[in-house]
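Hi there,

Here is the structure I promised to pass on. Have a look at it first, and my notes follow below.

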Amino acid sequence: MSLTKKMWIVTMLLSVIVILSACGGKVNQPEEKQNQASDEPKSAVTKTVNTIHGDIQIPVHPQRIVVDLYQNDLLALGIKPVGSVKYFLDNPYSKDLVQGIESIGDRSSVSVEKVLTLQPDLILIASKDASEYEKYSKIAPTLVIPYGTYKNVHEELTAFGELLGKEQEAKTWLAQYDQRLQAARDKLKGIVQPGDTFTVMEATDKEYYVYGDNFGRGGQAVYRGLNLTPPPLVQKELLGETQWKSISKEVINQYAGSYIFLTVNKDLSGYEGDSIWKSLSAVRNGKVFELQEDRYWYFDPIAIMGQAEELADMIVQRNNENVSQK
């Protein structure tokens with residue numbers, strides 16, 4: 001073989017090696033980009049959510065959430081927000097879960113400056129006030145979920161699980177919720193009789209307020225948690241879109257069930273009422289239960305579970321007391 005031909009072969013081999021090396025470099029490039037993408041913060045990945053203010057982009061995995069009304073929904077899912085409202089931080093049913101969450105002020109006096117310093121990547125609020133949304137949305141993506149959007153605990157927590165990528169956590173918590181609520185209902189077997197009815201009320205100096213099954217005061221725990229029956233007029237008027245009603249003392253007997261859960265403030269503790277009140281069967285039979293307003297105004301999933309267990313125990317204890325006195 002001539003020298004010229006050998007040199008030609010060597011040149012061709014070197015060319016092939018260079019080409020293969022170049023190809024190998026091109027194959028590796030997408031892998032490097034993929035690795036770089038996987039190193040990005042989870043909160044950098046977003047998704048579109050439809051809201052009352054149109055479609056907005058929120059983090060798929062938010063890391064720093066500021067919240068008002070829905071604090072305990074997040075806690076039930078194992079998410080600890082960085083900021084919340086003092087009223088909800090004071091919730092007695094979740095006091096062991098809120099350590100480390102900073103107050104952003106109270107319901108009527110939230111500090112926007114405080115929210116800003118917390119550097120949230122998602123804000124959850126319940127107010128439909130456009131000015132509230134405008135204020136918060138300048139800080140971070142803001143999701144408005146109006147109060148009353150969800151009709152029960154299962155619907156509510158499932159929705160938050162889907163929103164925040166915590167579907168399994170929602171299922172696990174709800175299974176525990178169902179188990180504990182069933183245990184509370186079981187305690188009442190043999191005590192609550194067919195035909196017994198239950199009213200959730202609040203007393204003031206001049207009138208009463210009667211509540212339905214989705215407006216706090218223990219209504220969710222009574223009617224949805226324990227599956228207790230409301231009087232016919234409450235069933236008709238207050239278990240739909242209308243959830244509360246003020247009534248005069250003269251017609252209280254039309255709404256009063258055989259059991260009454262009466263929310264009172266500290267000034268009305270030990271409520272005695274007037275002659276009309278004292279004539280009610282629940283009063284005469286020792287089946288009125290006073291509920292402190294600062295404990296039973298809460299209506300989140302954690303509070304509802306705790307309230308239902310407390311109310312069941314109250315009924316059992318009162319029944320034992322009434323039996324022992326006979």
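Strand β10 (residues 198–203) pairs with strand β11 (residues 207–211) in the antiparallel sense, over four bridges. Here strands are DSSP runs of E, at least two residues long, and helices are runs of H or I of at least four, both numbered from the N terminus; two strands pair if DSSP finds at least two bridges between them. This is a predicted model, in which local features need pLDDT of at least 70, side-chain atom pairs count only at pLDDT 80 or more, and totals for chains, interfaces and linings use all residues. Residues are numbered from 1 along each chain as its sequence is written, and side-chain values use heavy atoms, with hydrogens and water left out.

On to the next strand: β11 and β12 (residues 244–248) run antiparallel and are joined by five bridges, with Ser 248 in β12 as the partner of Glu 207.

What about the open space? The volume is the space filled by probe spheres (1.4 Å probe) set on the points, which are joined across faces, edges and corners. Among its 26 lining residues, Asp 68, Leu 69, Tyr 87, Phe 88 and Arg 107 are the closest to the centre.

Best wishes

Technical notes:
1 Å grid on protein atoms, 1.4 Å probe; cavity = no way out; pocket = protein on both sides within 12 Å on 5 of 7 lines; lining within 4 Å.
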